[in-house]
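Subject: Handing over a structure

Hello,

Here is the structure I promised you. Please open it and keep it beside this email as you read.

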Amino acid sequence: MEFINSIKAFEQAKKSIPGGVNSPVRSFNSVGSNPVFIKKAFGSHIEDIDGNDYIDYVGSWGPMILGHAHPDVIKAVQDTAINGTSYGAPTEIETEMAELIKSMMPSVEVVRMVNSGTEATMSALRLARGYTGRRFIIKFEGCYHGHGDSFLINAGSGALTMGVPNSPGVTEGTANDTLLAKFNDLESVKSLFKKYGDQIAGLIIEPVTGNMGVVVPTRDFIQGVRDVCTQYGALLIFDEVMTGFRLAKGGAQEILGITPDITTMGKIIGGGLPVGAYGGKREIMEKVAPAGPVYQAGTLSGNPLAMAAGLTTLKLLNDTPDFYNILEAKAEKLVSGLQKAIDELEFPAVINRIGSMFTLFFTDDDKVESFEDVKRCNTELFAKFFDKSLQAGIYLAPSQFEAGFMSIAHTEADIDKTIEASRKAIEELKAEL
Ligand SMILES: *Cc1c(COP(=O)(O)O)cnc(C)c1O
């Protein structure tokens, strides 16, 4: 494979865009190579500007659950655009969107649309503080909630990959208002509540993590988190920007059987356009302006193009019989193929999977259940695996600390090819160990 055009495009981009990219994870920094520039995508495949074709497991970092350029989604966007792209005034499709979200995710009684996951979490945080009149927020090491100041404290995703756990520009005051707990360690949560309980506004968590790679909560941990929030009157915020409408119609909360007070959403609900949302109990959400005093606004919030793409996507997820079972079966097929290769070749790796999200961790451990476990992974080995996969036409997230995403558009042939390429890569890496 040649990457001549991508290399040139990256050089050009770096002159006018910080680091040549508009979001850090795209830079391939953590795998020490040059990002591929994309020309187009369809279904499960994505093509770069050198004409290389890849099977895509990034899916724009989660939104493309239907595959790229789904004809119904594209048609909805085209039909809508003809009538104008934004009015800054209410439209009926916004209500339709709100009603569908509520029906799929019953903990959401009232929902506000915004333009990104970051905006959703920042707004949810302000609401939790406004509602409770309290100061502190608890977050978990390795969890990522967008780039809001309060969350850039031991964050996951790009912040973890890039080694900037505490970004310059975040004031000490803001950092001091964020308390850190450990994922899958209930004692770490309880001890914070014991110390600061009556000053804790809320606890935000990725109920299943994707941004340090896929880590699934234990039953006792996630139920314990719910209980301790209730006990101290703090709001439980599930950040389902990644897991919402991905793991089930009703997100991770449906699978885990836990009802949060507020849920943040994004990615899939925009169908590939920029969207976020936050919603929850009526009593809490009615504190948001103009119903209540907690201010939050957006010029382009709920804009018709994003609503058309998002609503079309959600309707397909909601109306297609067996959608999530079919999707999960594809991911299960891929992961069992990879697991077989790992076992047969006695390769040091662990695969975590839930539904259509998975991560292949390069580690000597036999399980990955915490941020500590994640941090012990061999990122050099991952970088080599990533490079071999890319060369074989498999497009993975360019970091050890991310989830892979299956889409409904991935075919049996795609999956077989991926297993074969991965086995070959693992074989070569094993020989180098
Ligand atoms: C992607 C993500 C965000 C941030 O969403 P943006 O749209 O990138 O701002 C927040 N939380 C989680 C769990 C995410 O996966």
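Below are my notes, starting with the ligand and moving on to helix, strands and loops.

First, the ground rules. This is a predicted model, so local features need pLDDT of at least 70 and side-chain atom pairs count only at pLDDT 80 or more, while totals for chains, interfaces and linings use all residues. Residues are numbered from 1 along each chain as its sequence is written, and side-chain values use heavy atoms, with hydrogens and water left out.

**The ligand**

Which residues are around the ligand? They are Ser-116, Gly-117, Thr-118, Tyr-144, His-145, Gly-146, Glu-206, Asn-211, Asp-239, Val-241, Met-242 and Lys-267.

Now the polar contacts (pairs of N or O atoms within 3.5 Å). A nitrogen atom of the ligand is 2.6 Å from an N or O atom in the side chain of Asp-239. An oxygen atom of the ligand is 3.1 Å from an N or O atom in the side chain of Asn-211. Tyr-144 uses its backbone: a polar atom there is 3.3 Å from a nitrogen atom of the ligand. On its own the ligand has 390 Å² of accessible area, and the protein covers 83% of that. Such areas come from the Shrake-Rupley method with a 1.4 Å probe.

**Helix H1**

Helices (H or I, at least four residues) and strands (E, at least two) are DSSP runs, numbered from the N terminus. Helix H1 spans residues 4-14, and its Ser-6, Ala-9, Phe-10 and Ala-13 are buried. Buried means under 20% relative accessible area, exposed over 50%, and partly exposed in between (1.4 Å probe, protein chains only). Why do the buried residues line one face of H1? Seen down the axis, they fall within an arc of 100°, so they share one face. The arc is that of the directions from the helix axis to the C-beta atoms. Lys-8 and Gln-12 are exposed, on the face turned away from the buried side.

**Strands**

Strand S5 covers residues 136-140, and five of its five residues are buried. Phe-136, Ile-138 and Phe-140 lie on one side, with Ile-137 and Lys-139 on the other. Two strands pair if DSSP finds at least two bridges between them. S5 pairs in the parallel sense with strand S7 (residues 200-205) over three bridges. S5 also pairs in the parallel sense with strand S6 (residues 178-181), over four bridges. Ile-137 stands opposite Gly-202 in S7, and its bridge partner in S6 is Thr-178.

An open sheet of four strands runs in the order S1-S2-S3-S13, with mixed pairing. Its edge strands, S1 (38-42) and S13 (394-395), each pair on one side only.

**Loops**

A cis peptide bond joins Ala-289 and Pro-290, with omega about 5°. Pro-290 lies in the loop between helix H10 (282-285) and helix H11 (304-319).

Ser-60 is not a glycine, yet its phi is positive, near 55°. Trp-61 also has a positive phi, about 70°, although it is not a glycine. At 42% relative accessibility, Ser-60 counts as partly exposed. Trp-61, at 19%, counts as buried.

Best wishes

How values were computed: A residue is near a molecule or strand if one of its heavy atoms lies within 4 Å of it. A polar contact is a pair of N or O atoms within 3.5 Å; within protein, one must be able to donate a hydrogen and the other to accept it, and residues adjacent in sequence count only if both atoms are side-chain atoms.
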